Amino acid sequence: MRRGRGQGIRTVSVVLLLLIAVPEKLPAQTTSPGSDPLQPPPVSLITRESQDWVFPAPVVPSRTALQPEWLQEPRPVLPPGTSLPVPASKPRRFTFTRRYGTPNTISREILPDKSERWVFLGGVIINAVSDDGEQIELATDQGVVWVRGATVDPLPSGFQTSGDDRTQVEVYLRGNVVVRTKTAKGPLQTLRAAEVYYDVEHQRAIALEGSLAFQPPQSPDPVHLFGAEVRRLDAENWEILKGSVNASKLPSDPGFRLDANRVTYEERFTQLTNVFGIPYRDLRTGELVYGREQLVTAYGAIPRVLGLPIAWFPRIRAEAGDPLGPFVGFSFGQNRIFGSQFYTTWDLFDLLALRPPPGQKLRLNLDYLSKRGPALGPEYFYNVPAEVPGLAATTGRALFYGVWDDGTDILGGNRGPEPPKPYFRHRFLWRHQQELLDGLYFQGQLAHLSDKNFFEQYYKIEFDTDVNQETFAYLTYNRGKWWAAGLVEPRWDRPWNPETQWLPRVDGGLIGQTFLDDLFVYSARITAGYARARPAQQPPFSLLPTDVSINTGRIGWLEEISMPFALGPVKLAPYGMLDLIGYTDDLAGNSIGRVWGGGGTRLSLPMSRLYDDISSDLFNVRGLYHKVVWGANYFYARTNVPFTQLPLLDRLNDDATDQSWRTITPMQPAYLAGSDGLLLAAAANPNSPYNPQRYLIRRQVLNRLDTLDDLHVLQLDVRQRWQTKRGAPGQEHTVDVAVLSTSISYFPQADRDNFGKPFAFLEYDFLWNIGDRTAFTATGWFEPYDNGSRYFTFGTFFNRPDRTTFYLGYRQIDPINSRAVIASVGYVLSRRYYFMASSSYDFGLNQALTNAITLTRTGTDMTVSIGFTYNSLVNNFGFQFLIVPNVLAALTGQGRFAGMPLGMVNPMVSQGIQRGR
């Protein structure tokens, strides 16, 4: 009963509209025989022959049936006699142009009531432009334009209204209708329909089988509203009956849409409020925020994913540019470490109704981990442009995250005794970087961890790859060849890590100063500071005998002078170095001064040869240019104080590497039988080949002032590359077919400097670019004596423009007996599906290390990913399921999205972003 009544109402409304608007028909010569463009057939009788579209318009129920009393919006009632301000009409220029390349028919007639009627057949585009920037474009196959109320001024191919509040322009369009409207400040709106009636002066319209599209700010795709009947109520309000809403790249087949009995769209400049109706205020000034609002309201709404209904809501209202309001995202994961994981992220500025300056975001993370407990914390990002032109932007990040944890940490391996953990575990971090003046930079970090293992357990990737969680303030200044720096680094509750507090430390230097007509090159560095060195006070304890608790002042001066010159093709640079440094306390508690000095010569000899007769289609080679650089560095240095007498103030490794070394070193004999395990366990001995300080001395690393000693070494290296031309004729470019670098160190005083062995550090690095997207690589590092360190890898990789990648490689590390095969593949199954898998198996340990499989479907509206991981080191099996709406991902940008699982890498986000933060 309702369907019949609704169809009758719509059909009668269209017929009455035409009968009232059109008093009589046009002369017969303007139409084809037997047809009348002013009298369209009833909607239910339109067929393929009469129009391009085939199906009759669906039945639209009456509006009262769509709006129960409890759903109707309030309608204000004005007292009798109240005057309403009516918008004044404005002058508009109407022009008519062909829609297609074929001629069309345009006729004009003066009707008995002095109004004008224009009839268009064969396709026309009607443009209406006003002086205030408002633009209306109407494209149709057939149309009628009526002008009432006053005469108009004729224009070539059109007319102009006077804007005297008496001129009324109405339009009826039929057949593939497109209406585009845009005000001077508003967004472009595009209406497509089968039939449209448009009142230009009052900006009202009725469209059958219509769709409305508009682009919210910052949105990558337009929002589409479809409906059996689309009504424009005024310049700011639309209504869609039997509607559907989506923001898909493929509007005809969206993966996610919202169906509703009635949809309204409001566009207005107003006081902005958040989802709770609280007015927004500017974060800096506290003033109320006004702006353009694009509200979409759906009544009786049914969200559908891939066409399947997932819920029902009596009413949904959302800002088109921010459809989810304060809600940023959600995800789910499952593994042995945390159990079932539910992650949500919220926009805290939105919840508090605050509008921050551009470049600032404040997120609130609310999570639950079934094997640990609830977790929460805010995270703040800022990127503020500098007020002074030419300076870099001020950037920073601050976060707090806490977990009520009643579970047990699973970190892998035998870690020995561990300190107890608190029930409420947390971290705090604030990083700030700012260019204060031209050349003057400030970097600061404030970090706090509740316990030793929280950072590694909950932020594994950040623990392995990010900088230390230290608290410091660092100021640098650079001007030409001069530089200066100041550092303050206190220690804040990190007894499980060795750390040197600088309270404070200042450095300065000069780089590359020449004199005597560029005959000499001079560089110098001075340093002074007060240090409080503290070893690890919780297991695993510090192992190096120089890593002790001590308070000492240190002041030093390191300088180098060289005299570079060319001897034919050979480039020589004799040089000398001197370091004068003093400590108020050495390891014995005595003040001491150290003199370290040395010198040597650097040599370089470049050579090259062109083989233009070498050509191979198989290896994609056309000519071969071989370039070689022979290099050598002879160095001799002596000191009056050995490094074993000085405290370790300049740390050698980051916290993660140092903690791993301290943990595994005493346990090496349990994993490696024989002399290898015993030697590795004795690595803290200064005379051990595995002592980290002794290693830096032999490698001639000079930026750790506490780790300098006697040294006599000759370093030799050869760097080679083979180049050719590749590319289409006329577009050739030079590429490296192969690159090979080799080096070796020779110690004349081997008994003192290299454990009685004359040679050390045999290294090579090889890369062969077989093609533009296929390569073979190999690296190696050897100590050529028994129980020496040996490390080498080789592998091949392949990639294609469609993101298909393959890698297969082998890695061997001795003496720890690791022999791992590593394989990974990323394969594009189709334009929608992407498959990723990786695995590593260690034949030395006889176990699989890590395995991961991920399948990702990228749709027009959302990306769905499902993944499985297994890590044998912690015996952890993990599962991830993630649905990311594409529009929401684009609006949120970089940052934690949908609560990426802790300690894992989201396959949807580039690696290195931990928890999406």
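## Terms and model

Two strands pair if DSSP finds at least two bridges between them. Strands (E, at least two residues) and helices (H or I, at least four) are DSSP runs, numbered from the N terminus. This is a predicted model: local features need pLDDT of at least 70, side-chain atom pairs count only at pLDDT 80 or more, and totals for chains, interfaces and linings use all residues. Residues are numbered from 1 along each chain as its sequence is written, and side-chain values use heavy atoms, with hydrogens and water left out.

## The chain as a whole

The protein chain holds 44 strands and 11 helices. Of its 917 residues, 45% are buried. Buried means under 20% relative accessible area, exposed means over 50%, and partly exposed lies in between (1.4 Å probe, protein chains only).

The accessible surface of the protein chain is about 45100 Å². Carbon and sulfur atoms account for 61% of that surface. Areas come from the Shrake-Rupley method with a 1.4 Å probe; for residues, only the protein chains shown count as cover. Contact means heavy atoms within 4.5 Å. Take the contacts between residues at least 6 apart in sequence: 55% of them join residues at least 24 apart.

Strand β24 (residues 440–449) pairs with two strands named here. One is β23 (residues 424–437), in the antiparallel sense over 10 bridges. Within this pairing, Phe428 has His448 in β24 as its bridge partner. The hairpin of β23 and β24 has two residues between the strands. There, Gly439 takes a positive phi near 90°.

The other is β25 (residues 472–479). It pairs with β24 in the antiparallel sense over six bridges. Leu440 has Tyr477 in β25 as its bridge partner.

Strand β20 (residues 360–369) is mostly covered. Seven of its 10 residues are buried. Strand β18 (residues 339–347) pairs with β20 in the antiparallel sense over seven bridges. Phe342 has Tyr368 in β20 as its bridge partner.

β20 also pairs with β21 (residues 373–384), in the antiparallel sense over 10 bridges. Here the bridge partner of Leu364 is Pro378 in β21. A hairpin of three residues joins β20 to β21.

## Nonpolar cores

A nonpolar core is a set of buried Ala, Val, Leu, Ile, Met, Phe, Trp, Tyr and Cys residues joined through side-chain atoms within 4.5 Å. The largest has 41 residues. Val145, Val196, Tyr198 and Leu225 have the most contacts inside it. A second, separate core has 25 residues, including Leu487, Ile581, Ile592 and Leu646.

Neighbours within four places in sequence are left aside. Val145 then touches Glu116, Arg117, Trp118, Phe120, Ile126, Phe159, Val169, Glu170 and Val171.

## Aromatic rings and charges

Rings of Phe, Tyr and Trp (its six-membered ring) pair if their centres lie within 6.5 Å; planes under 30 degrees apart count as stacked, over 60 as edge-to-face and the rest as tilted. By this rule there are 37 aromatic pairs. One aromatic cluster is formed by Phe338, Tyr401, Phe454, Phe455, Tyr458, Tyr459 and Phe463.

A charge sits over a ring if NZ of Lys or CZ of Arg is within 6 Å of the ring centre and within 35 degrees of the ring normal. The charged end of Lys361 sits over the ring of Phe381, 5.5 Å from its centre. Arg699 lies over the face of Phe761, at 4.7 Å from the ring centre.

## Backbone exceptions

Most residues other than glycine have a negative phi, and most peptide bonds are trans. Asn176 has a positive phi of about 50°. It lies in strand β7 (residues 168–182) and is partly exposed, with a relative accessible area of 42%. Asn787 has a positive phi of about 65°. It is found in the loop between β37 (774–782) and β38 (790–799). Asn787 is partly exposed too, with a relative accessible area of 23%.

Two peptide bonds are cis. The bond from Leu503 to Pro504 has omega near -5°, and Pro504 lies in strand β27 (residues 499–515). The bond from Pro539 to Pro540 also has omega near -5°. Pro540 is in the loop between β28 (520–534) and β29 (550–562).
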